[in-house]
Amino acid sequence: MATIGPNELYFLMQGLKWTLALTIIGFIGGGVFGLAVALARTSEAPFARRFTAGYIAIFQGTPLLMQLFVVYYGVALMGFNVDAWVAVAVAFTLHASAFLGEIWRGGIQAVPKGQTEAANALGLHYVSRMKDVVLPQALRISLPATIGFLVQLIKGTSLAAIVGFVELSRAGQIVSNQTFRPLTVFAIVGIIYFLICWPLSLWGASMERRLQTASR
Amino acid sequence: MSYNLDFSVVVDRLPELLVACLATIGLAIAGMALATVIGVLGVLARRSRFKLLRGLVIGFVEAIRNTPFLVQIFFIFFALPQIGVRLNPTATAIIALALNGGAYAIEIIRGGVDSIPKGQVEAGKALGLHPAQIFRHIILKPALRAVYPSLTSQFIMLTLTTSVCTSIAAYELTSVAQKIEADTFRSFEVYFSITLLYLIISSLMMGVFALISRVSFSYPVK
């Protein structure tokens, strides 16, 4: 049995780098598209509402792993010759946009109607009504759920391992195959995920409590 | 280079895929049932007088909720043989799903239990009910009713998570799909069709959950 030395740990850290990169790309890309989804979902156009409702239902009703597979092979099929990480990042962006869109839709609808009416009465047009009145309040309300989804996304990036992409989990599998110490390796990998996700979970939970006391 | 989509490989092996769908549903139902048991027992342990037991449950819930299912299933897959338990991948997958779903169920059911007004429990005591009767009729039942929507949507997520069990070669829809893909090289067609099958499975489950809610939670209370 080989031991787990600095080299193995370094390899895991290289994987961790990709886990974080995928998470950040997915979260930012998903945030931008998610905002569009949320706005379309709450818009006055029935077509936009129905279309985004379907979009969200598809992503919430299928496994993330399948979304990865379909986008991964679909991108190649459409004739784009891109790196594996681009395909995977696109998949996570689409996934995140559906979930964040649904979370923020809830936030937008939780803002009291009087706020929109007041903004209308003041003569604000759509952009400024959304940007200055509704969205700041909506995002505040949905911040705990957004952080919850970020944790979900960090954990979700582990599925890129099944597509063969070397992030933290795949790096763990490789090191485990080399050293024949699966328990130690997966314990280390698990602890790394935990150290990233736990503070975020605690932050989200404390924010949720604070919002609850504020609204009481 | 142009690529022609060919879904005939999927149509040819549809019977195989439908049986695999049943396996996926079976895994999901077994996971949900055990997760509910773990959820209720965990909430009981979380309310116990023993600090150590409470701490263990909190630690378990946090550990599961803050690590990926993939890492959990690998850990369990390699850990069980070390303590002398040899199980086939499917049984291992059920254990992993039960533990994962159980941690979320503890957290959800606890939320429901916390929402029961104290006066209800006091009323139960005043009526001379046994603590077990109080827990069952006054705390657990209304709590489960209150958290039914969030518990079932967590169970839908658990159903979708079963696809990750392919990583330890458990028999379910995704692993069968991977086999067909390896035979035919029709990756996109296979995974696209499987995605639709998952969509059907999760929609069916949502329908069944809504039906259960209508039948058993409709007023007047049965």
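Student: Is Phe50(B) buried or exposed?
Tutor: Start with the rule. A residue is buried if 20 or more other C-beta atoms lie within 10 Å of its own, exposed if 12 or fewer, and partly exposed in between, with C-beta atoms placed from the backbone. Phe50(B) has 9 other C-beta atoms within 10 Å, so Phe50(B) is exposed.

Student: What should I know about the model and its numbering?
Tutor: This is a predicted model: local features need pLDDT of at least 70, side-chain atom pairs count only at pLDDT 80 or more, and totals for chains, interfaces and linings use all residues. Residues are numbered from 1 along each chain as its sequence is written, while chains are lettered from A and ligands numbered from 1 in the order in which they are written.

Student: What average pLDDT does chain A have?
Tutor: pLDDT is the predictor's confidence in each residue, from 0 to 100. Chain A averages 93, and 99% of its residues score at least 70. Within chain A, confidence is lowest in helix H7 (residues 160-163), with a mean of 91. Helix H2 (residues 46-61) of chain A has the highest, at 96.

Student: How many helices and strands does chain B have?
Tutor: Helices (H or I, at least four residues) and strands (E, at least two) are DSSP runs, numbered from the N terminus. Chain B has nine helices and zero strands. Chain A also has nine helices and zero strands.

Student: Where does Phe50(B) sit among the helices of chain B?
Tutor: Phe50(B) lies in the loop between helix H2 (14-46) and H3 of chain B. From Phe50(B) to Gln82(B) is 32 residues in sequence and 30 Å in space, C-alpha to C-alpha.

Student: How much of each chain is buried?
Tutor: In chain A, 39% of the 216 residues are buried. In chain B, buried residues make up 38% of 222.

Student: Which residues have the most contacts inside the largest nonpolar core?
Tutor: A nonpolar core is a set of buried Ala, Val, Leu, Ile, Met, Phe, Trp, Tyr and Cys residues joined through C-beta atoms within 7 Å. The largest here has 104 residues. Those with the most contacts inside it are Leu68(A), Val88(A), Ala91(A), Leu159(A), Ile73(B), Ile109(B) and Tyr191(B).

Student: What is Leu68(A) in contact with?
Tutor: Two residues are in contact if their C-beta atoms, placed from the backbone, lie within 7 Å. Set aside neighbours within four places in sequence. Leu68(A) is then in contact with Val88(A), Ala91(A), Leu159(A), Ala160(A) and Val163(A).

Student: How many residues does the contact between the chains take from each?
Tutor: The contact takes 29 residues from chain B and 29 residues from chain A. On the chain B side, H3 (51-65), H4 (69-82) and H9 (187-216) each supply at least two residues. H9(B) gives the largest share, ten residues.

Student: Which stretches of chain B does UniProt list as "transmembrane region"?
Tutor: UniProt positions use the numbering here, feature names are shortened, and annotations may be inferred rather than shown by experiment. The unreviewed UniProt entry lists residues 17-44, 56-79, 146-170 and 190-212 of chain B. Residues 190-212 of chain B are 100% helix and 0% strand, with end C-alpha atoms 33 Å apart.
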